[in-house]
Amino acid sequence: MKEILTTGLNQLNLPTAAVPALMEYGRLLVEKNQSMNLTAITDPAEVARLHFLDCAALLGAADFRNKTVLDVGTGAGFPGMVLRLVEPDLHLTLLDSLQKRMDWLREIAPALGAEDVQIFHGRAEEFGQNPAYREQFDLVTSRAVADLRVLCELCLPFVKPGGYFLAMKGQKAQEEKDAASRCVSILGGRLCKDYVYTIPGSEISHRVVVVEKLRPTPGAYPRRFAKIKKSPL
Ligand code: SAM
(Lines give C-alpha, C1' and ligand atoms only; values in the text may rest on other atoms or scores of the structure.)
Protein backbone atom coordinates (compact mmCIF):
# COMPACT_ATOMS: atom_id res chain seq x y z
CA MET A 1 0.00 0.00 0.00
CA LYS A 2 2.86 2.37 0.86
CA GLU A 3 4.45 2.10 -2.58
CA ILE A 4 1.14 2.44 -4.45
CA LEU A 5 0.16 5.52 -2.45
CA THR A 6 3.56 7.23 -2.70
CA THR A 7 3.87 6.65 -6.45
CA GLY A 8 0.23 7.53 -7.07
CA LEU A 9 0.29 10.77 -5.07
CA ASN A 10 3.50 11.76 -6.87
CA GLN A 11 1.78 11.13 -10.21
CA LEU A 12 -1.10 13.34 -9.10
CA ASN A 13 1.43 16.03 -8.11
CA LEU A 14 0.21 15.84 -4.51
CA PRO A 15 2.27 15.77 -1.29
CA THR A 16 3.05 12.35 0.20
CA ALA A 17 3.15 13.36 3.89
CA ALA A 18 -0.26 11.73 4.44
CA VAL A 19 0.89 8.25 3.38
CA PRO A 20 1.28 6.92 6.98
CA ALA A 21 -2.17 8.28 7.96
CA LEU A 22 -3.73 6.80 4.83
CA MET A 23 -2.14 3.41 5.58
CA GLU A 24 -3.58 3.51 9.10
CA TYR A 25 -6.98 4.55 7.67
CA GLY A 26 -6.83 1.58 5.28
CA ARG A 27 -5.93 -0.81 8.09
CA LEU A 28 -8.77 0.43 10.30
CA LEU A 29 -11.22 0.32 7.36
CA VAL A 30 -10.45 -3.29 6.44
CA GLU A 31 -10.46 -4.34 10.11
CA LYS A 32 -13.83 -2.69 10.88
CA ASN A 33 -15.32 -3.97 7.63
CA GLN A 34 -15.35 -7.45 9.18
CA SER A 35 -18.10 -6.38 11.57
CA MET A 36 -19.64 -3.35 9.81
CA ASN A 37 -20.45 -2.86 6.13
CA LEU A 38 -18.11 -0.02 5.13
CA THR A 39 -16.74 -1.02 1.73
CA ALA A 40 -16.96 -3.73 -0.92
CA ILE A 41 -13.24 -3.20 -1.63
CA THR A 42 -11.02 -4.96 0.90
CA ASP A 43 -7.76 -5.81 -0.86
CA PRO A 44 -5.22 -3.25 0.48
CA ALA A 45 -3.85 -2.47 -3.00
CA GLU A 46 -7.37 -1.88 -4.29
CA VAL A 47 -8.26 0.25 -1.26
CA ALA A 48 -5.18 2.34 -2.03
CA ARG A 49 -6.11 2.84 -5.69
CA LEU A 50 -9.90 2.72 -5.86
CA HIS A 51 -10.60 4.60 -2.65
CA PHE A 52 -7.58 6.69 -1.64
CA LEU A 53 -6.04 7.69 -4.98
CA ASP A 54 -9.46 8.08 -6.61
CA CYS A 55 -10.54 10.47 -3.83
CA ALA A 56 -7.18 12.29 -3.68
CA ALA A 57 -7.42 12.99 -7.43
CA LEU A 58 -10.38 15.27 -6.69
CA LEU A 59 -7.88 17.78 -5.26
CA GLY A 60 -6.96 18.57 -8.88
CA ALA A 61 -10.51 19.69 -9.69
CA ALA A 62 -10.46 22.88 -7.56
CA ASP A 63 -8.33 24.83 -5.11
CA PHE A 64 -9.24 23.34 -1.72
CA ARG A 65 -6.73 25.30 0.38
CA ASN A 66 -8.38 27.19 3.27
CA LYS A 67 -11.81 26.31 1.96
CA THR A 68 -14.85 25.12 3.91
CA VAL A 69 -15.72 21.70 2.47
CA LEU A 70 -18.79 19.52 3.02
CA ASP A 71 -18.85 15.88 1.89
CA VAL A 72 -22.44 14.65 1.47
CA GLY A 73 -23.11 10.90 1.86
CA THR A 74 -19.52 10.34 2.91
CA GLY A 75 -20.02 6.71 4.03
CA ALA A 76 -16.63 5.54 5.31
CA GLY A 77 -15.20 9.02 4.64
CA PHE A 78 -14.94 9.12 0.84
CA PRO A 79 -13.86 11.44 -0.59
CA GLY A 80 -13.90 13.89 2.37
CA MET A 81 -11.53 12.28 4.86
CA VAL A 82 -8.96 11.51 2.15
CA LEU A 83 -9.04 15.13 0.96
CA ARG A 84 -8.45 16.35 4.53
CA LEU A 85 -5.51 13.97 5.09
CA VAL A 86 -3.75 14.85 1.84
CA GLU A 87 -4.57 18.60 2.06
CA PRO A 88 -4.69 19.42 5.82
CA ASP A 89 -5.37 23.08 5.05
CA LEU A 90 -9.09 22.64 4.55
CA HIS A 91 -12.02 22.83 6.98
CA LEU A 92 -13.97 19.64 6.56
CA THR A 93 -17.50 18.61 7.50
CA LEU A 94 -18.75 15.07 6.82
CA LEU A 95 -22.44 14.22 6.57
CA ASP A 96 -24.18 10.85 6.22
CA SER A 97 -27.55 9.40 7.12
CA LEU A 98 -26.03 6.21 8.56
CA GLN A 99 -25.27 6.74 12.24
CA LYS A 100 -22.96 3.74 12.65
CA ARG A 101 -20.59 4.93 9.93
CA MET A 102 -20.45 8.42 11.44
CA ASP A 103 -19.75 6.96 14.91
CA TRP A 104 -16.87 4.95 13.42
CA LEU A 105 -15.42 8.01 11.66
CA ARG A 106 -15.62 9.97 14.92
CA GLU A 107 -13.84 7.13 16.70
CA ILE A 108 -10.94 6.90 14.21
CA ALA A 109 -10.44 10.62 13.39
CA PRO A 110 -7.96 11.21 16.29
CA ALA A 111 -5.78 8.26 15.17
CA LEU A 112 -5.56 9.90 11.73
CA GLY A 113 -4.68 13.33 13.18
CA ALA A 114 -8.04 14.67 11.97
CA GLU A 115 -9.76 15.64 15.24
CA ASP A 116 -10.76 18.97 13.70
CA VAL A 117 -13.17 17.34 11.23
CA GLN A 118 -16.86 17.96 11.99
CA ILE A 119 -18.86 14.75 11.62
CA PHE A 120 -22.65 14.83 11.45
CA HIS A 121 -25.23 12.11 11.26
CA GLY A 122 -28.26 13.32 9.31
CA ARG A 123 -30.07 13.57 6.01
CA ALA A 124 -28.82 16.08 3.46
CA GLU A 125 -32.34 17.25 2.57
CA GLU A 126 -32.95 18.15 6.25
CA PHE A 127 -29.54 19.75 6.94
CA GLY A 128 -29.91 21.72 3.70
CA GLN A 129 -32.95 23.54 5.10
CA ASN A 130 -31.09 24.44 8.32
CA PRO A 131 -29.67 28.02 8.17
CA ALA A 132 -26.60 26.87 10.12
CA TYR A 133 -25.51 24.80 7.10
CA ARG A 134 -27.38 26.27 4.13
CA GLU A 135 -25.13 28.21 1.76
CA GLN A 136 -22.23 27.96 4.24
CA PHE A 137 -19.64 25.96 2.24
CA ASP A 138 -17.12 26.98 -0.43
CA LEU A 139 -17.00 23.45 -1.83
CA VAL A 140 -19.40 20.52 -1.57
CA THR A 141 -18.33 17.03 -2.69
CA SER A 142 -20.16 13.75 -3.19
CA ARG A 143 -19.23 10.29 -4.53
CA ALA A 144 -21.55 7.38 -5.33
CA VAL A 145 -24.62 8.76 -3.59
CA ALA A 146 -27.35 9.35 -6.21
CA ASP A 147 -28.23 10.32 -9.75
CA LEU A 148 -27.02 13.83 -10.61
CA ARG A 149 -30.47 15.47 -10.53
CA VAL A 150 -31.19 14.08 -7.05
CA LEU A 151 -27.66 14.87 -5.95
CA CYS A 152 -27.85 18.50 -7.10
CA GLU A 153 -31.01 19.10 -5.08
CA LEU A 154 -29.35 17.52 -2.03
CA CYS A 155 -26.00 19.30 -2.40
CA LEU A 156 -26.34 22.69 -4.14
CA PRO A 157 -28.30 24.31 -1.25
CA PHE A 158 -25.16 23.93 0.92
CA VAL A 159 -22.89 25.82 -1.51
CA LYS A 160 -22.21 29.54 -1.02
CA PRO A 161 -22.86 31.62 -4.13
CA GLY A 162 -19.46 31.75 -5.82
CA GLY A 163 -18.62 28.23 -4.61
CA TYR A 164 -18.69 24.86 -6.37
CA PHE A 165 -20.36 21.47 -6.10
CA LEU A 166 -18.09 18.62 -7.28
CA ALA A 167 -19.88 15.36 -8.11
CA MET A 168 -17.58 12.36 -8.58
CA LYS A 169 -18.99 10.19 -11.33
CA GLY A 170 -17.97 7.35 -13.65
CA GLN A 171 -17.57 7.74 -17.38
CA LYS A 172 -21.34 7.66 -17.97
CA ALA A 173 -21.75 11.11 -16.44
CA GLN A 174 -22.63 12.77 -19.73
CA GLU A 175 -26.15 11.26 -19.83
CA GLU A 176 -26.83 12.34 -16.25
CA LYS A 177 -25.42 15.76 -17.05
CA ASP A 178 -27.64 16.24 -20.07
CA ALA A 179 -30.68 15.41 -17.93
CA ALA A 180 -29.57 17.76 -15.13
CA SER A 181 -29.09 21.09 -16.89
CA ARG A 182 -32.60 22.45 -16.12
CA CYS A 183 -32.38 21.25 -12.51
CA VAL A 184 -28.99 22.92 -12.00
CA SER A 185 -30.33 26.22 -13.29
CA ILE A 186 -33.45 26.09 -11.02
CA LEU A 187 -31.17 25.47 -8.02
CA GLY A 188 -29.01 28.52 -8.83
CA GLY A 189 -26.09 26.79 -10.52
CA ARG A 190 -24.27 26.47 -13.82
CA LEU A 191 -22.64 23.35 -15.25
CA CYS A 192 -18.93 23.90 -15.97
CA LYS A 193 -16.36 21.80 -17.83
CA ASP A 194 -15.90 18.32 -16.31
CA TYR A 195 -12.63 17.38 -14.63
CA VAL A 196 -11.45 14.05 -16.04
CA TYR A 197 -8.64 11.98 -14.53
CA THR A 198 -7.17 8.48 -14.62
CA ILE A 199 -6.60 6.77 -11.28
CA PRO A 200 -2.80 6.26 -11.04
CA GLY A 201 -1.77 2.63 -11.46
CA SER A 202 -4.98 1.78 -13.30
CA GLU A 203 -6.74 2.23 -16.63
CA ILE A 204 -9.81 3.66 -14.90
CA SER A 205 -10.90 7.14 -15.90
CA HIS A 206 -13.35 9.06 -13.77
CA ARG A 207 -15.19 12.29 -14.32
CA VAL A 208 -16.01 15.06 -11.88
CA VAL A 209 -19.09 17.07 -12.76
CA VAL A 210 -18.38 20.65 -11.69
CA VAL A 211 -21.30 22.94 -10.84
CA GLU A 212 -20.72 26.60 -10.03
CA LYS A 213 -23.23 28.22 -7.67
CA LEU A 214 -24.24 31.54 -9.18
CA ARG A 215 -27.17 32.64 -6.98
CA PRO A 216 -28.96 31.46 -3.82
CA THR A 217 -31.09 28.32 -4.13
CA PRO A 218 -34.86 29.04 -3.86
CA GLY A 219 -36.14 28.24 -0.35
CA ALA A 220 -38.42 25.43 -1.55
CA TYR A 221 -35.35 23.23 -2.20
CA PRO A 222 -34.32 20.69 -1.08
CA ARG A 223 -37.77 19.10 -0.86
CA ARG A 224 -38.57 15.99 1.14
CA PHE A 225 -36.59 12.97 -0.11
CA ALA A 226 -39.67 11.04 -1.31
CA LYS A 227 -40.62 14.05 -3.43
CA ILE A 228 -37.07 14.48 -4.82
CA LYS A 229 -36.98 10.79 -5.81
CA LYS A 230 -40.50 10.73 -7.23
CA SER A 231 -40.19 13.88 -9.30
CA PRO A 232 -36.56 14.94 -9.75
CA LEU A 233 -36.21 18.49 -11.08
N1 SAM B 1 -19.32 8.48 -0.60
C2 SAM B 1 -18.98 7.16 -0.09
C3 SAM B 1 -18.11 6.41 -1.09
O4 SAM B 1 -17.84 6.93 -2.17
O5 SAM B 1 -17.65 5.29 -0.75
C6 SAM B 1 -20.23 6.35 0.28
C7 SAM B 1 -21.09 5.96 -0.88
S8 SAM B 1 -22.46 4.97 -0.35
C9 SAM B 1 -22.83 4.08 -1.80
C10 SAM B 1 -23.77 6.19 -0.25
C11 SAM B 1 -23.84 6.88 1.10
O12 SAM B 1 -24.74 7.97 1.00
C13 SAM B 1 -24.37 5.98 2.20
O14 SAM B 1 -23.45 5.96 3.29
C15 SAM B 1 -25.71 6.60 2.59
O16 SAM B 1 -25.98 6.47 3.97
C17 SAM B 1 -25.51 8.06 2.18
N18 SAM B 1 -26.74 8.79 1.85
C19 SAM B 1 -27.67 8.45 0.93
N20 SAM B 1 -28.67 9.37 0.88
C21 SAM B 1 -28.35 10.32 1.81
C22 SAM B 1 -28.99 11.53 2.24
N23 SAM B 1 -30.15 11.93 1.72
N24 SAM B 1 -28.38 12.28 3.19
C25 SAM B 1 -27.20 11.86 3.72
N26 SAM B 1 -26.56 10.73 3.35
C27 SAM B 1 -27.12 9.97 2.42
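Thr93 is buried, with a relative accessible area of 5%. That value comes from a predicted model. Thr93 sits in strand β2, which covers residues 91-96.

What does Thr93 touch beyond its neighbours within four places in sequence? Its contacts there are Val69, Leu70, Asp71, Gln118, Phe120 and Phe137. Thr74 is 19 residues from Thr93 along the chain. The C-alpha atoms of Thr93 and Thr74 are separated by 9.7 Å.

How many disulfides does a search of the whole structure find? The count is 0. Cys183 is in no disulfide, and its nearest cysteine sulfur, that of Cys152, is 4.8 Å away. A disulfide needs two cysteine sulfur atoms within 2.5 Å. Cys183 is buried, at 0% relative accessibility.

## A salt bridge along helix α2

The whole structure holds 15 salt bridges. One of them joins Glu31 to Arg27, with the closest N and O atoms 3.3 Å apart. Both residues belong to helix α2, residues 19-32. They are 4 residues apart, so about one helical turn separates them.

Glu153 and Arg223 form a salt bridge through their side chains, at 2.8 Å from N to O. Glu153 lies in helix α7 (residues 148-155), while Arg223 lies in the loop between β8 (205-213) and α9 (225-230), so the pair ties together parts that are 70 residues apart in sequence. Both Glu153 and Arg223 are buried.

Lys177 and Asp194 also meet in a salt bridge, at 2.8 Å from N to O. Which parts does this pair tie together? Lys177 is in helix α8 (residues 173-186), and Asp194 is in the loop between β6 (189-191) and β7 (195-198), so the linked parts are 17 residues apart in sequence. Lys177 is buried, with a relative accessible area of 13%. Asp194 is buried at 12% relative accessibility.

Technical notes. Residues are numbered from 1 along each chain as its sequence is written. This is a predicted model: local features need pLDDT of at least 70, side-chain atom pairs count only at pLDDT 80 or more; totals for chains, interfaces and linings use all residues. Side-chain values use heavy atoms; hydrogens and water are left out. Buried means under 20% relative accessible area, exposed over 50%, partly exposed in between (1.4 Å probe, protein chains only). Helices (H or I, at least four residues) and strands (E, at least two) are DSSP runs, numbered from the N terminus. Contact means heavy atoms within 4.5 Å. A salt bridge is a side-chain nitrogen of Lys or Arg within 4 Å of a carboxyl oxygen of Asp or Glu.
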